[in-house]
Amino acid sequence: MGEADKDDLISIIEEGEMEVSIPDILPLMPVRDVVIFTDMLLPLFVGREQSVRAVEKAVEKDGFLMLATQKDPGIDNPGPDQIYTVGTVGRILRMLKLPDGRVKALVQGLSRAKILEYVRKRSWYRVKIEMIPEGPFEESNLETEALMRNIREHSERILALRGELTGDVTTILESIDDPGKLADLVASNLRLKLDESQQLLEIADPVERLRTVNDMLTKEVKLSVMQAKIQSDVQDEISKSQRDYFLREQMRAINKELGEIDEKAEEIAEYTKKIKRAKMSKTANEEAKKQLKRIEQMHPDAAESSIVRTYLDWLVDMPWSKSTKDGIDIRKAKKILDEDHYALDKVKDRILEYLSVRKLNPQMKGPILCFVGPPGVGKTSLGRAIAKAMKRKFIRISLGGMRDEAEIRGHRRTYIGALPGRILQGLKQCGVNNPIFMMDEIDKVGSDFRGDPSSALLEALDPEQNAEFSDHYLNLPFDLSKVMFILTANLTDTIPSALLDRMEVITLSGYTEEEKIIIAEMHLIPRQIKENGLKPSTISLSSGALLNIIKEYTLEAGLRNLEREIGSLCRKVARKIAEKNKGPFFITKNNLHKYLGVPKYLPEMDQEESQVGLATGLAWTQVGGETLYVEASLISGKGELIITGQLGEVMQESTRAAVTYARANLIHLGLEENVLENVDVHIHVPEGAIPKDGPSAGIAMATAIISALTDQPVDKYVAMTGEITLRGRVLPIGGLREKALGALRGGIRTVIIPEKNKKDLAEIPMNVKRKINFIPVRHMDEVLPIAFDEDVSDH
């Protein structure tokens, strides 16, 4: 404000102290976005034609003008019904016409007034008004004084928070004693809504107006305090960020001057190179660039920075396009397989078939094989031999006891310490996308509240789906179709059917004694000699001693215990050499017991002679085939059946079927029809601590019962396997190869098998068939003559 404006304001105040005569008919100028209070001084820019005319008419006379706020600020030419009826009479102190036709006017509010009627409505408004006098108030009223003091304090606090408080403002606030004037002064400087300001203007009672302003000030104080706090917090954060930024920029400039490389820029450049070298899929490449951009924009010390870096490291280290070239030389592959593993022709043929097809069609998907067999038959070592034959890298993981689905699919990145699943971990470790991937113990996978790993394996092991295998950690499709998966299991019963359906099952039954001798001479003995620090010239193990170890110290389908016993021999020889005993040491079947102690198993039958009521059956277990003895005894009683030996439900039902067959054929067997009325039949299968189940011992049980009834001994060299029906028919069974090998280990010479299992004899090794006479039968009538005639087994 210039000096002339100050002189005008002083003259107006002086004039305000005198009686000023205001006409009751005045020009009206509608104003928008503002409510003008008494004693309020403000400049107005007038642009609307009717408002300019109203200002000019006011200036032509004494300068008085009615100022009323329009209800809707957006209307350019408001009608009488769109203008508030209560306004302020103002006086134009100065007017300046601008070149664009607008008018700039300095106006001061003088007194409240109410529009009674519109005298002129065309081109500009002229209205008849009525002055609204200030209501009475008591100067010495304590409430009024308290309100005024409260308003002064609140006003000063708000201005202080805004940084606008000066000594002049405080002096002005303290100098005003009129409650109405104080209320109008404060209200005119509050940031009130239009309707709130108009509401205040229409209150004639100064004390009431003071109360309303006090309420509004209290609310404004709270808002101003909160706003100041927010601004302070934001400013602190901005200041810290700016400070850190400037410091980093200074460090970058200093490093540049010193010739040192910026670590972050170097890291970004290194990641860019790695992403390019990784040759990822399009989706993975986009994700990697997105994460790299995040690192670039992120503060190095941010909590999420390490998580993003770890994720990016996994992305660039995964073998998206790295693979080894297959060695497709069929003859050479066959030579490698034969060198590493003796026998196992079926498995070797399957591998060579795959290599042959791969040679003709390089784009074929990897097979998913499942080796099923007893422990120690070479399932895992066979996987290594396959990798060697194909010149591929080999990965092995054990699934035994796994219960968490995240072990297969990985953890989501939201978890602390999250990692991909074991499959992708293995691929990263080997560095190629087409290894031989062996998963051991697939039949021992569990499940609990953390998920079902076997279900998670369905996608990985399905050739139609694993081209886009999704891991929870990477959250990107990864191609597993080039991986050759090999799984191992001891039995298929516990493998879910949906998972089993995706695999090609190859059974490894076990080894004959001749095969074990050859494998021991080729692999086990040389390996144990080397591991125990011996030389081949210091120890000699005869074939007879080796055969005795197999027969008397081990009873297994595989080779683990055999290698363990050979290792024990080598350790004892190593001790003798360490004690200065001179070699070489010759181990024969005559001095074998000095090294290994007394035999653990009898090489022949447990029974010295054929007995009544004792039949030999054949059982299949996880560790291979075994002989199973069935005992039957008749005792005085009431015709009841007693079953002992911890037999399962299926085996108990088979026992009842055998008893029923014997009861139904008593006359046919030459016995009296009521022979079992006063006799209890007791069936017992030894080794009662071991649970037993299955229907294949049916004919052995029937033979033992009939032997006890007819008092005829069962040939101790005859074993039998087959399910029996009530009519005496012999039904087929499974696991014949394993049972045949178990019979051979048990010294059996004749094995009775169901007629429908005759086809399975083709899978039994020739050396087994030379030592055992397999007799197919259809009915129990054919079984009994063979079992009771000791001459049948002589051949």
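The legends below describe close-up views of a predicted model.

View 1. Across the whole structure, a search finds 28 salt bridges. Arginine 211 forms one of them with glutamate 143, with the closest N and O atoms 2.8 Å apart. Because arginine 211 lies in helix α7 (residues 206-258) and glutamate 143 in helix α3 (residues 142-162), the pair ties together parts that are 68 residues apart in sequence. The side chain of arginine 211 also meets that of glutamate 208 in a salt bridge, at 3.1 Å from N to O. Here both residues belong to helix α7, where they are 3 residues apart, about one turn of the helix. How exposed is glutamate 208? Glutamate 208 is partly exposed, with a relative accessible area of 35%. Arginine 211 is partly exposed at 30%, and glutamate 143 is partly exposed at 39%.

**View 2. The salt bridge between arginine 102 and aspartate 100.** Arginine 102 and aspartate 100 form a salt bridge in which the closest N and O atoms are 2.9 Å apart. The relative accessibility of arginine 102 is 35%, so this residue counts as partly exposed. In general, side chains of opposite charge can pair when their charged atoms come close.

View 3. Met226, Ile230 and Val234 make a nonpolar surface patch of about 270 Å². Of these residues, methionine 226 is placed in helix α7. Methionine 226 has a relative accessible area of 47% and is therefore partly exposed.

**View 4. An open sheet of parallel strands.** In what order do the 5 strands of the open sheet stand? The order is β8-β9-β12-β7-β13, and the pairing is parallel. At the edges are β8 (394-398) and β13 (504-507); each has a single partner strand, so one side of each is left without a neighbour in the sheet. From one strand to the next, the twist averages 20°. The partner of β8 is detailed here: 5 bridges join β8 to strand β9 (residues 436-440), and the two run parallel. Within this pairing, serine 398 has aspartate 440 in β9 as its bridge partner. In a regular strand the side chains alternate between the two faces of the sheet.

**View 5. Strands β19 and β20 with the crossover between them.** Strand β19 is joined by 4 bridges to strand β20 (residues 679-684), and the two strands run parallel. Isoleucine 643 is bridged to isoleucine 683 in β20. Which hand does the β-α-β crossover have, left or right? The chain passes from β19 through α22 to β20, and the crossover is left-handed.

View 6. Glutamine 646 sits in the loop between β19 (641-644) and α22 (649-664). Its phi is near 55°, a positive value in a residue other than glycine. With 42% relative accessibility, glutamine 646 counts as partly exposed.

**View 7. Lysine 279 in the loop between two helices.** Lysine 279 is placed in the loop between α8 (263-278) and α9 (282-297). Although lysine 279 is not a glycine, its phi is positive, at about 50°. Is lysine 279 buried or exposed? Its relative accessibility is 59%, and since exposed means over 50%, lysine 279 counts as exposed.

**View 8. Histidine 779 and leucine 731.** Histidine 779 is found in the loop between β26 (773-777) and α26 (780-788). The C-alpha atoms of histidine 779 and leucine 731 are separated by 8.8 Å, while the two residues are 48 residues apart along the chain. At 22% relative accessibility, histidine 779 counts as partly exposed, because the label buried is kept for values under 20%.

Notes. Residues are numbered from 1 along each chain as its sequence is written. This is a predicted model: local features need pLDDT of at least 70, side-chain atom pairs count only at pLDDT 80 or more; totals for chains, interfaces and linings use all residues. Side-chain values use heavy atoms; hydrogens and water are left out. A salt bridge is a side-chain nitrogen of Lys or Arg within 4 Å of a carboxyl oxygen of Asp or Glu. Buried means under 20% relative accessible area, exposed over 50%, partly exposed in between (1.4 Å probe, protein chains only). Patches are made of residues with over 30% relative accessible area and no salt bridge: like charges are joined within 9 Å, nonpolar side chains (Val, Leu, Ile, Met, Phe, Trp, Tyr) within 5 Å. Accessible areas come from the Shrake-Rupley method with a 1.4 Å probe; for residues, only the protein chains shown count as cover. Two strands pair if DSSP finds at least two bridges between them. Axes are lines fitted to C-alpha atoms, for helices over the stretch in contact, and angles run from 0 to 180 degrees between N-to-C directions. A crossover is right-handed if, with the strands pointing away from the viewer, the path from the first strand over the helix to the second runs clockwise.
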